[in-house]
Amino acid sequence: MYTLSDQQVEFILKDIQQKGIHTEDLQQNLLDHICCILETEIKVDDDFETVYTLVLQRFYKNELLEIEQETQDLLTFKNFYFMKKVMILSGLSTAGTFMLGSVCKVMHWPGASFFFVLAIGLLSFLFLPLLFLLKQKELKSLQEKLVLLSGVLVGMLYTVAVLASVMHWTMAKSGTYWLLMIGFSFFVFIPLYFFNGIRKPESKINTILVTCLMVIFMSLQFLMVSLKPDIQKQITAIEAKQ
Amino acid sequence: MLFSSELIKGTLKTIVLKLLADNKRMYGYEITQKVKELTRDRILITEGALYPTLHALEADGLVVTELEYIGKRVRKHYKLTPTGKSKTKEKVSELIEFMQTMHVLLDINLQTS
């Protein structure tokens with residue numbers, strides 16, 4: 001039986017590292033496996049590198065990196081269902097907590113603030129980040145992932161702005177949270193969404209319609225935030241007259 | 001006849017677990033050779049499918065590894081954990097039930113076609 005020299009073993013290790021196998025355990029496994037095949041199949045007169053190249057080609061369809069990717073996918077897939085369950089549970093809890101908070105607020109019962117903060121916390125820091133993590137796996141291009149990320153950020157900013165208004169936080173009186181959300185939507189999210197969708201013929205019309213709706217919605221939101229201080233001033237003036 | 005990789009993919013975990021249950025400890029190359037030998041070359045496990053599966057089984061705590069140093073390289077022997085042993089029984093029973101169900105299902109299909 002042919003015995004590989006230390007230099008040949010090192011050569012194989014370096015080669016599989018260069019071909020994209022970064023997980024150390026996987027490197028060791030593949031190295032041993034390749035060595036086993038070579039030691040069984042190679043003959044004394046054979047050229048080592050030629051036989052090695054032929055043997056390595058059996059390991060993949062397109063490139064060796066596939067094994068690394070498949071391993072990583074299987075390892076992360078383990079957490080996939082757990083993350084999905086947490087996301088669904090956090091979504092349901094958010095909806096329930098929001099409803100409880102709203103009932104308490106309308107009925108002037110104690111605990112409304114607690115429920116609102118809890119609901120916003122669940123939505124912004126658990127549901128939406130998990131939604132991003134799970135959905136981005138389905139997206140192929142970086143641009144699509146950026147659209148999703150900015151959309152999630154808009155969602156988080158929106159919920160924080162609502163909370164700030166309901167809770168009468170100091171910064172909320174000047175509409176800072178709203179303006180931050182609207183500004184981010186106008187200058188980052190909507191342009192990213194529009195230019196990503198308009199390039200694809202199948203989503204062109206849908207992109208234009210959704211972009212128009214988003215611009216209208218954000219404009220109305222901006223109008224409400226901008227008019228709010230004037231309304232407040234008028235109420236104060238009326239109260240002063242009385 | 002060589003079975004397609006699609007058919008093998010769904011049963012690979014069970015095959016590996018059962019082989020480890022029957023052979024105490026095995027390394028990657030040994031597993032592929034054993035499958036080849038037992039099935040008379042009808043099932044060929046590819047390295048691209050075997051190692052991701054072995055790593056996933058290790059991450060799930062179903063197998064543990066023992067290292068053997070051979071010159072400049074390290075050989076990883078896989079063996080079942082107590083959880084892996086009970087999981088093997090579960091997976092084998094599940095596969096047997098599945099095969100029985102498929103048998104019935106395909107017989108029905110054959111009769112109707």
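Start by selecting A:Asp32 and B:Arg73: in this predicted model they form a salt bridge, with their closest N and O atoms 2.9 Å apart. (A salt bridge here is a side-chain nitrogen of Lys or Arg within 4 Å of a carboxyl oxygen of Asp or Glu.) The rule finds five salt bridges across the interface of chain B and chain A.

A note on reading this: residues are numbered from 1 along each chain as its sequence is written, and chains are lettered from A in the order in which they are written. Local features need pLDDT of at least 70, and side-chain atom pairs count only at pLDDT 80 or more, while side-chain values use heavy atoms, with hydrogens and water left out.

Next, select everything in contact (heavy atoms within 4.5 Å): you get 22 residues from chain B and 24 residues from chain A. For chain B and chain A that comes to about 2100 Å², 60% of it on carbon and sulfur atoms.

Finally, colour chain A by pLDDT, the predictor's confidence in each residue, from 0 to 100. The chain A mean is 86, and 93% of its residues reach 70 or more. Where is confidence lowest in chain A? Go to helix α7 (residues 170–173), with a mean of 65, then compare helix α1 (residues 6–18), the highest at 92. Helices are DSSP runs (H or I, at least four residues), numbered from the N terminus.

Terms used:
Buried area = accessible area lost by both parts, 1.4 Å probe. Helix = DSSP H or I, 4+ residues; strand = E, 2+ residues; numbered from the N terminus.
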